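Here are my notes on the structure you sent. Please read them with the coordinates open.

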Amino acid sequence: MMRTRAGAAVVGAQMAVAATPTSRPLLRRFRRVLGLWGRVTFGFLVLVVVLAAFPRIVVRHDPIEVVPEQILAPPGAGFLFGTDQYGRDIFSRVVYGARASLGFALIATGISVALSTVAGTVSAYYGGRLETLLMRTVDILMAFPGILLALIVVALLGPGLATAMIAVGFGQAPAFTRIVRSATLVVKNQQYIEAARAMGAPDMWIMRAHVLPNVRYTVIVLMTLGFGASILIGASLSFLGLGAQPPTPEWGSMLGDARGYVRTHWWVPTLPGLVLAATLLCINTVGDQIRDILDPRLKLQ
Amino acid sequence: MGPFVLVRLGHGVVVVLGVAVLVALMIHLAPGDPVIVMMGDAPVQGEQLQIIRRSLGLDRPLIVQITTRAARMLRGDLGRSLRSNRPVAQDIARVVPLTMVLATTAMVFGIVMGVPTGVVAATQRGRWLDSQLSAFAVLGFSMPTFWTGLLLISIFSVRLGWFPTSGQEGFKTLILPALALGWYAAGALARLVRSGMLEVLQQEYVTVARAKGLRETLVVLRHAFRNALIPAVTLATVQFGSLLSGAVVVETVFGRDGLGRLIVIGILEKDFPVVQGAVLVTAVIYTVTNLLTDLLYLRLDPRLRYA
């Protein structure tokens, strides 16, 4: 940020600082609020992220290679989570699956947050016809609930992990745009914006220096919400055969393949699902806490 | 009351028109020649392409194509399936009741499980029971429905043999899919009802009701609950949308026919008219439900009638 610029910049920047909800360091506030349960979930998440980044720490077996001699071995000393119908170690696949799911969610969330931040701030800041056009488009896109918008994008671009990422990112964007827009509307009417404008600051500069920093908490909250939702929708698409394609290890597609083994081999569908559910649970819990700290107004959504 | 209803109706009509135009535009948004998109995997080349292009009207100006196609869709003509050659509208008409029954039953399960959970958690705020119930709620919407579905099958169908693993005949086949879907809705509802109740319980009229010696159960049910219900109703409709889209996954898990299953199979088989039709119908159902809820609001919250 260019706070050294004279006039508008200095006045505006000081007011922007004053408008920030609190000045206590973020990390310290976060630690204070985190209870025992919060620490456990946070720890689990850290573990998942570390394993996704460095799978070789724990993985001993190739997650893709087919080994006919060890098909459907139950969980035990050799294979922590047992093996699947191709003799692949389920634990290794789950660890590599974390990599696929987290990477997927990161990119999908990046797409949706980027799209919605631009569309939301621009439409609220400029208003007028542009806003009407953008928000009516959002209304129409939001008539396709949940996973439906992502399914439309997959139908257009064809199944696959890359298209599913775009699909999930695009699918979340309309709802996020609405939220960023309403956050921007609040900021837009503050006096420091008026002051900056009165001193002749260009629109682009005002948006970068005053609007964006003041909607950043909303955007961070959307990121955490979007991250969990992206993992869930991405896994759902892969489960349906529309996301990750075999033999790529991915949680959703593993569960899709496991459908035929519910009756006979309980560990094949149960254990990967358990890790997926635990990860989602932890992301939601940590996300809730981040939201409560950063932007309590979003609580009811 | 008049103006609000009219504005809301107008909004609904605009959205439905927009949805139809968007769906009509879909084949032009896909990369590649629209004729090839419309033909799926069928091997057509050269002259055939031109003939098909003309017969589908794909050689006319874009704006003409889209308006005529959108108008035709809204009249109920959704074209024919590329695979079965049956009219798409006929296939959809067959499965819509199945999905609606599934989503509605799931909604009922969600309300029955979620609302009391939220109310009790709020009255027990900060105690042991509250933390247990809240954990249940977070668990509800953290568990992916397809996994919940697989677990329910492995427990109630395989181990206990109470319900069939798949199929769509009779009420018994409905229970497990509706539970898998409804549990998700229950989690979200429970959380919203809890925070709504906590807010309402701090209002002055609740203190007054307590001060005049009313029994706590009556205070909670008659004074607090009614007012906490209003945000829950909005969420219930949003949830209905997520139930409709959640049906996509659940119908696959339990091998049931439905709108969602139709979309997935349509995408996998590159049967574009089927995808278009099913997507359009789902969006219209969702829009109409949203409209109905907003009207239901007027009954629940008399303050709005004069706004």
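The points below cover the chain contact first, then some backbone details.

1. This is a predicted model. Please keep that in mind for each point that follows.

2. Start with the contact between the chains. Chain A gives 36 residues to the contact, and chain B gives 39 residues. On the side of chain A that touches chain B, the elements giving two or more residues are α5 (128-141), α6 (148-157), α10 (216-239) and α12 (267-294) of chain A. The largest share of that side is from α12(A), with eight residues. By residue type, the side of chain A that touches chain B has 26 nonpolar, six polar and four charged residues.

3. Next, check a peptide bond in chain A. Most peptide bonds are trans. The bond from A:Pro246 to A:Pro247 is cis, with omega near 5°. A:Pro247 sits in the loop between α10 and α11 (251-258) of chain A.

4. Now look at phi in chain B. Most residues other than glycine have a negative phi. B:Asn85 is not a glycine, yet its phi is positive, at about 65°. Its place is the loop between α4 (62-74) and α5 (88-123) of chain B. Is B:Asn85 buried or exposed? B:Asn85 counts as exposed because 7 other C-beta atoms lie within 10 Å, and the cut-off for exposed is 12 or fewer.

5. B:Lys270 also has a positive phi, about 55°, and is not a glycine. B:Lys270 lies in the loop between α11 (259-268) and α12 (272-300) of chain B. With 19 other C-beta atoms within 10 Å, B:Lys270 is partly exposed. Buried would need 20 or more.

Note on methods
Residues numbered from 1 in each chain as written. Chains lettered and ligands numbered in written order. Predicted model: local features only at pLDDT ≥ 70, side-chain atom pairs only at ≥ 80, totals over all residues. Contact = placed C-beta atoms within 7 Å. Helix = DSSP H or I, 4+ residues; strand = E, 2+ residues; numbered from the N terminus. Nonpolar A, V, L, I, M, F, W, Y, C, P; charged D, E, K, R; others polar.
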